[in-house]
Amino acid sequence: MALLPHRGTTGQQPEPPELDDDSVLRDVLHEASRLVGHGTAVVVLHGPPGIGKFTRANRAALQLRRQLGAVLMELRPGRTPSGAANEFRELLSMLGARALLPLEMDADHLSEEYAKVTERVKTVLLLDDVADWDQVQPLLPAGSDGLVIATSLAPCPETLGLAAGKVVNIPVEGPDLTGCVEAFREAAGARGGRPSRDMVVSVVEQCFRSPLAIQLTGALYAHHTGLAVPDLVKELRRRLSERKRLPLGNHPADADLLLWAVLDWACEDLLEPEHRGLLEVLSLPETSTVGVHTAAELFHRKAGAYGPERVEQVAALLRDLADRYFLELQGRDRFRISSAVRQFAAYRLSHPPDADEPGSKVAPLILRAAYCRLTLAARPAVDGHLEPLPPFADSDSALGWLAEEKGAVIRALQIAERVDPGITLDVIKALCTFFVTTGDLNSLSMLEDVVDKESTGRRIPLGENGLLRSVRCAIDMAVGIGARRDGQLTASYEQLRAVRERYAEDNNGFDEAWALRHIGVTLHYMGDFAPAMRYLRRARDQLAPLDHLGNPEAQVRMAWVLHGLGALYADVGAFDEARRILDRSLELHQLHRGVRGRSWAQLVLASCCTKADDDPSVALGLLTRAAEGFEQTGDQAGLAWVRLENARSQMALGRLDKARRELREALDVLEPSQEGEGETARPGAPHVWIDRRALAWTRFEYARCLRHPYEVDLRAAELAAARRLFEEIGDRYGARCAAAEQSGRTERPRRSEVTVPEEDEESDGGEGEDMPNHQVDPVCESRCYIEASVLGDVPVVLEQPYRIRLDVQLDQDLVEALETGSEKDGQLKLLTMAPYAKIDPPVQMLQPVGSQWPLTADIELESQLTGPQHLRFVLITAANDTVLQDVRCQVEVCRVEPAVAEVAEP
């Protein structure tokens, strides 16, 4: 049976052609089955364009994946930024490999990692349209079950470093004469006066049996109802003669000239102007397939804002082009453009009859601008907004577009020569957010590599050094956040702290606050609660002025800061304060319609309810709503924690069997691989990373549910595995909890046991030996933190009493030092100074350390002057007057003028 590219049908995905009787496909499957298991092998399908090479290769790869249980990887031209390193990153991502910090930038090291992974995983690598075989050799899988299926115009002339007989070239020829005749008649449709076989054969031979030329000629024959077959043949000859007379320097073959002539004829007679315009811009993307949204953006580049209805119009045009054989329908909303049609469309675009149309020099700019606009349009979906995002119909289509085109977007950033630097920064931030949300550190590594190399070579004109610094800070911030979500807590802390220092040097308080927030969350995960509290409070204080002014971005960031702060309060047992803060976080997320943020706040609220022994049904209701939001936004990390908290709620209700089943199901989802490998996710699950901290806590809680006598060994194994993972990721509190369970303690260690002096860590086995020294950071230099806030209305009114409330947080080592002191039971003395105000009391003794958390003190003042009122608070030890903290702040004092009564006119 002759195989031709399948003709798309309007409005539905085409059914794949039956290939059971196809000899080429049988040959591919036979050779692959013979070679697999005996070392890396390569099967090459070669032949002219438009005869179904990729269709066969794709079908063979899918069938072999099912038969072998292998991972299917696919590389197509234009899908990733240029460079061998980026190809390895793309392949490693398809294999589910984790990217470890520091992100690897060297192609040789990435190649070694690729070899390690493919050595233990069965793989089928599908390569489309190979032109340079030297670039293929490094991509060969290393395992004995590694198989490569490639398509190319010419056979592979080399052994690619493999043993003899490991590279098999299978020629793919055009359809036989009978197949060509049937193709012409199918394209001609039901036109009256069905031509004889001899007449059709004359057309087929004139088309040099080129499948695409035959199909287009058949469509032209159906369109020109008054054109007889002999006249059709004469017209083909005339157009071929005209093409031969053109001064073409590369001396193309007659078959290529004829195809070009038929394309030109069909473009003018079969297509409307809007079809022609769309076909021309489809030559801009370097990918072999193009999606509807990208096509719509390129087509409507001058139309300004447009909605999903305009996208559907473009989709209808694309289906028309597929029905007329210019494109091949590859899915519901993706279309494949052959190399011949692409070259033809690119020529038309670069030689427009209208001088106002863009030429080839600005074509990369058009493509880059289209990708930038679509990326920025999809950004709200990454942040968890579910409302329509024109031109996307919904968040799912926006996220789907980003997942499909992310590599092409990075490549567009790489190839363009001129661009608005501000747009570049916004696009890079949007990509960073998407990569962090999906855990795709490999793509983040591609972006970092492109920015570093291209900005060094001045290929990406990022403007002044300040803007380039902002771009690099945005990428480094994303790397640090991604590392935390991947369980690389120490590396995350170091990365985020370096970013925060750069923001501080640039006096960029807004972004510095965001870095402080993420450092605080990272330290919370590491079990260092006192430093984490300082970072999160500092972030809140820096965002507070913009939050009060109603700045939307500041309010969104404040919501996330409060979410982190509330989670920390809940973990240390301050449940009332945690609820208050989390309610405010939830309010801000709902105000700005952030579904993902709202879901995280609901999750932490549920956790707070469970820890506070509240009604478990309240926690279960919050978890149900949080799960709905995570499912809507595709946040797999959130869903992992929902499963864990739901099981904890079931345990609180006494439903141990149900909790156990749910934890077992959660472990099945979170397990990194069937073989227990920690370096890769499940094979074939690209960009779905494992939340290793959620895995550790889930395994710990599962072990706690194993209480039957016959489960003693399983419980011990699960606890040991959980403890190892806690220690590996740097969660010190989790490691201590696991150790307590192993030793048979019935109560978990207090949260305050986590932050202990360094010598205690060493005596406990060196668990904290590699932890960063937090005391070096300016935020953590002091051993206590004081937060002052005015109670009541502001500004303060002259000569009217007002109250200042101080919240005091102490380091655990300071708490222990004060508690063990022999004098005055660890009391503290607070001095308040204000030059132009009455103070009550100016000196007060705070409650003994440890009696409540946090320590609070109220001071009443009455200002004597208007304007800024400077206040000073000094905290000292009552035992020896050692100064612990010296804090200055100011309040604004105003004069209230007496109201003047209005006098009504007589």
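Modeller: Pro841 lies in the loop between strand 13, residues 837-840, and strand 14, residues 843-845. The model is a predicted one, and in it the peptide bond that leads from Asp840 to Pro841 is cis, with an omega near -5°.

Leu160 is not a glycine, yet its phi is positive, at about 60°. This leucine belongs to the loop that runs between strand 4 (147-152) and strand 5 (167-171). Its relative accessible area is 2%, and because buried means under 20%, Leu160 is classed as buried.

Asn507 is another residue other than glycine with a positive phi, in this case near 55°. The loop that holds Asn507 is placed between two helices, helix 19 (489-505) and helix 20 (509-526). Here the relative accessible area is 71%, and because exposed means over 50%, Asn507 is classed as exposed. Leu160, then, is a buried loop residue, whereas Asn507 is an exposed one.

Asp449 is part of helix 17, which spans residues 441-456. Its relative accessibility of 6% is under the 20% limit, and Asp449 therefore counts as buried. The side chain of Asp449 is joined to that of Arg89 by a polar contact of 3.3 Å.

As to the chain as a whole, the protein has 906 residues, of which 54% are buried. It contains 32 helices and 17 strands. Of the contacts between residues at least 6 apart in sequence, 68% join residues at least 24 apart. The accessible surface amounts to about 39,600 Å², and carbon and sulfur atoms account for 49% of that area.

The cysteines complete the account. A disulfide is a covalent bond between the sulfur atoms of two cysteines. How many disulfides does the structure hold? The number is zero. Cys267 has a relative accessible area of 0% and is therefore buried. Cys372 is likewise counted as buried, with a relative accessibility of 4%.

Technical notes: Residues are numbered from 1 along each chain as its sequence is written. This is a predicted model: local features need pLDDT of at least 70, side-chain atom pairs count only at pLDDT 80 or more; totals for chains, interfaces and linings use all residues. Side-chain values use heavy atoms; hydrogens and water are left out. Helices (H or I, at least four residues) and strands (E, at least two) are DSSP runs, numbered from the N terminus. Buried means under 20% relative accessible area, exposed over 50%, partly exposed in between (1.4 Å probe, protein chains only). A polar contact is a pair of N or O atoms within 3.5 Å; within protein, one must be able to donate a hydrogen and the other to accept it, and residues adjacent in sequence count only if both atoms are side-chain atoms. Contact means heavy atoms within 4.5 Å. Accessible areas come from the Shrake-Rupley method with a 1.4 Å probe; for residues, only the protein chains shown count as cover. A disulfide is a pair of cysteine sulfur atoms within 2.5 Å.
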